Amino acid sequence: MSFSLRNGLKLITLLTDFGIKDGYPGIMKGVIWGIDAQIQIADITHHIPAQNILTGSIVLNRSFDYFPAGSVHIAVVDPGVGTQRMPMAARLGEHFFVLPDNGLITLPLQKALERGWPTEFYHLDQPKYWLTAVSNVFHGRDIFAPSGAHLARGVPINELGTRIERPVTLELPQAERTAEGWRTQVLDVDHFGNLITGLSAKQIDPLSVQRVRVAGVEIPGLVKTFGSGKAGDLVALIDSDNRLSIAVVNGNAAERLAAQPGDQVDVVLNPGLPKERA
Amino acid sequence: MSFSLRNGLKLITLLTDFGIKDGYPGIMKGVIWGIDAQIQIADITHHIPAQNILTGSIVLNRSFDYFPAGSVHIAVVDPGVGTQRMPMAARLGEHFFVLPDNGLITLPLQKALERGWPTEFYHLDQPKYWLTAVSNVFHGRDIFAPSGAHLARGVPINELGTRIERPVTLELPQAERTAEGWRTQVLDVDHFGNLITGLSAKQIDPLSVQRVRVAGVEIPGLVKTFGSGKAGDLVALIDSDNRLSIAVVNGNAAERLAAQPGDQVDVVLNPGLPKERA
Amino acid sequence: MSFSLRNGLKLITLLTDFGIKDGYPGIMKGVIWGIDAQIQIADITHHIPAQNILTGSIVLNRSFDYFPAGSVHIAVVDPGVGTQRMPMAARLGEHFFVLPDNGLITLPLQKALERGWPTEFYHLDQPKYWLTAVSNVFHGRDIFAPSGAHLARGVPINELGTRIERPVTLELPQAERTAEGWRTQVLDVDHFGNLITGLSAKQIDPLSVQRVRVAGVEIPGLVKTFGSGKAGDLVALIDSDNRLSIAVVNGNAAERLAAQPGDQVDVVLNPGLPKERA
């Protein structure tokens with residue numbers, strides 16, 4: 001499969017838990033531009049909570065398919081760097097990934113399978129596509145950045161390593177049916193303090209939601225957007241990721257409710273309406 | 001008007017209150033590069049305080065005219081996303097803007113009017129320049145990023161929507177004349193803890209300043225730069241934005257004075273010198 | 001010397017203590033692109049602790065030589081802006097720097113001297129390579145960004161100013177020999193809370209390390225990587241910068257030990273093994 005962009009440019013994104021104070025993401029850009037200085041690079045984030053593979057997978061999944069076909073997504077949340085976990089390249093439809101085989105691919109892979117995209121996975125075991133000296137502690141610099149750069153400049157993915165049949169995937173917290181509707185949890189808290197839950201708009205008809213319970217409070221129904229209500233109102237809505245979210249109009253729901261990832265969220269459905277989408 | 005850069009490159013800047021941990025600014029870059037992967041993109045900031053339109057306007061105004069003519073500035077501080085406020089494109093002289101019509105344009109517009117630049121404003125009401133699916137909650141991704149990309153790749157601004165006569169503008173806190181000089185306030189606190197006030201170097205002759213009073217302390221006269229004095233000295237000076245600022249040499253004035261935006265600042269002028277510039 | 005990249009592209013990196021909330025690094029990109037909009041720009045970091053020249057030099061040294069030959073590194077940690085300290089351009093081998101002559105160059109220069117690279121230094125005293133209006137307070141925008149852009153677009157370094165013989169350098173904290181091995185200190189704490197010490201892998205044989213003492217605890221020997229051990233284990237290892245570092249497996253050593261830069265670190269060598277590398 002050809003993965004050149006239509007205008008010949010080459011795109012890489014970076015997603016890590018490295019933070020931005022120590023220069024590590026910049027070093028990865030230096031390695032990439034040392035291989036091909038025409039590659040365009042966008043930061044997705046470097047603020048995945050340290051070693052939190054699940055949050056890394058959520059943010060990667062939220063982002064990757066807004067980039068054009070052929071983009072290469074380098075994702076490094078890698079508590080097992082230098083141990084037995086494998087460095088991996090993956091293709092999901094027209095999207096490419098370079099990342100540790102530790103479950104980071106889970107949510108993009110789930111999306112690919114739902115959409116019937118072709119998938120392939122390779123163990124990055126060809127040192128000619130790495131830096132000459134490989135440390136035990138910074139494969140983002142020594143293996144993932146150079147492998148991603150070679151992929152973006154046109155090396156076919158199957159030359160980067162040996163085929164893997166099934167990558168490692170995470171067990172995800174699943175929303176469950178209850179007598180009154182659904183039980184899910186807070187998966188993530190965003191920059192605005194919005195509580196992002198594990199319940200997808202695919203699982204519920206927004207019109208059928210009667211109440212949402214979280215952290216001891218009840219919120220009536222869903223609103224359309226963050227500004228629907230008076231400043232300070234607690235609201236529930238479907239967010240830009242198509243997930244049920246809890247927000248405060250012009251405020252911070254996580255602070256207001258002292259809520260955090262893992263907190264239970266109950267959705268009470270209107271009994272007179274269909275409980276589940278076809 | 002043609003807005004191509006002299007060498008054919010295309011530039012976009014991003015200014016938001018999205019923060020950088022959740023991937024939202026990266027997603028906007030993906031949307032832009034999906035339309036034209038040759039566009040260069042610079043982040044101005046993603047750390048405008050949440051929903052603070054005034055600070056957004058101050059930082060946008062500080063930055064935009066250091067970019068070359070023809071650059072497109074996408075600014076999204078948008079508490080009213082999905083409500084009646086209009087998405088807007090604007091031209092101020094040779095500078096282009098894509099942003100909500102909620103007052104964000106206020107300070108760049110004031111600069112344009114002071115300089116006699118031509119201005120024009122459009123309601124972004126042409127869905128063919130948006131993403132196909134538009135959410136109620138993330139117009140940065142769904143409307144502003146694609147509209148900005150089309151503008152940067154050469155679509156004339158008047159094709160993006162219907163002409164607006166007057167955009168929404170904010171009431172700005174104004175410095176006032178007092179018997180002894182000027183009364184203003186802290187508008188913003190920068191990363192170094194410098195207190196940026198509402199008084200401009202255009203309003204005062206720096207040589208005429210006898211004392212500056214803030215948070216119960218008095219500072220004698222103005223110094224030339226941040227390093228003028230001993231480490232720990234509290235000083236007043238004209239900053240890089242041509243505003244009166246209060247700083248601590250090698251230190252943090254906001255922490256030292258427990259000062260914050262809105263705090264009153266009094267400037268006492270030397271009675272023997274002219275009080276106001278012509 | 002020619003410093004064009006092999007494919008004709010031009011690269012600049014930025015390292016500052018400006019933070020990212022106020023728009024200052026974005027303004028520098030605007031100035032650079034106003035001179036040549038084809039220059040690629042990477043942020044190394046804008047989170048050097050305010051006015052901390054030593055940390056700036058450490059991060060600059062960790063990063064610069066991962067960028068291709070001919071890259072221009074603009075570094076601005078500049079407590080003396082607008083005072084007598086000189087703005088400077090430097091060449092170390094095939095790497096270019098634009099920065100204040102205040103000691104920021106110290107560690108890259110030490111690396112250049114160790115490797116026998118040619119070096120040259122110039123006082124940026126040619127206003128034609130600056131912005132037209134130069135403030136006393138933001139030379140990053142007014143002098144360093146435009147000088148770096150001219151260098152990256154091909155102006156020979158010796159046209160930017162007058163030759164300087166020796167740049168200012170910092171006194172660095174040196175690791176010392178002790179009866180039992182080495183005494184050094186914590187130089188920096190990274191985003192993960194790892195404690196980076198002043199002892200280099202060039203100074204010790206990793207196999208010879210028997211114990212590391214810091215903050216009242218003793219750590220046996222060195223491990224290979226951050227994941228070598230159980231979650232929560234305190235470990236010592238050689239980091240990606242070839243320095244002795246102290247980490248907690250999947251955790252934060254600085255928080256665990258309440259450790260900070262300047263804290264003493266003692267290394268006890270195995271008496272039966274060679275104490276020092278040739």
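**Exercise 1. How many residues of chain B are in contact with how many residues of chain C?**

Solution. In this predicted model, contact is judged by heavy atoms within 4.5 Å, and by that rule 35 residues of chain B touch 33 residues of chain C. The next step is the area: about 2800 Å² is buried between chain B and chain C, with carbon and sulfur atoms giving 57% of it. On the chain B side, Y66(B), H191(B) and F192(B) lose the most area to chain C, and together they make up 23% of what that side buries.

**Exercise 2. Describe how helices α1 and α4 of chain C are arranged.**

Solution. The axes of α1(C), residues 24–35, and α4(C), residues 139–153, come within 8 Å and cross at roughly 40°. Residues making the contact include I27(C), M28(C) and V31(C) of α1(C), and A145(C), P146(C) and A149(C) of α4(C). By class, the contact residues of this pair comprise 8 nonpolar, 2 polar and 2 charged.

**Exercise 3. At what angle do helices α2 and α3 of chain B pack, and which residues make the contact?**

Solution. Helix α2(B), residues 53–63, packs against α3(B), residues 106–114, at about 45°, with the axes 7 Å apart, so α2(B) is oblique to α3(B). The contact joins S57(B), I58(B), L60(B) and N61(B) of α2(B) to T106(B), L107(B), P108(B) and K111(B) of α3(B), a set with 4 nonpolar, 3 polar and 1 charged residues.

Methods
Residues are numbered from 1 along each chain as its sequence is written. Chains are lettered from A and ligands numbered from 1 in the order in which they are written. This is a predicted model: local features need pLDDT of at least 70, side-chain atom pairs count only at pLDDT 80 or more; totals for chains, interfaces and linings use all residues. Side-chain values use heavy atoms; hydrogens and water are left out. Axes are lines fitted to C-alpha atoms, for helices over the stretch in contact, and angles run from 0 to 180 degrees between N-to-C directions. Helices (H or I, at least four residues) and strands (E, at least two) are DSSP runs, numbered from the N terminus. Ala, Val, Leu, Ile, Met, Phe, Trp, Tyr, Cys and Pro count as nonpolar, Asp, Glu, Lys and Arg as charged, and the others, Gly among them, as polar. Buried area is the accessible area (1.4 Å probe) that two parts lose on being put together, summed over both. Angles under 35 degrees count as roughly parallel, over 145 as roughly antiparallel, 65 to 115 as roughly perpendicular and the rest as oblique.
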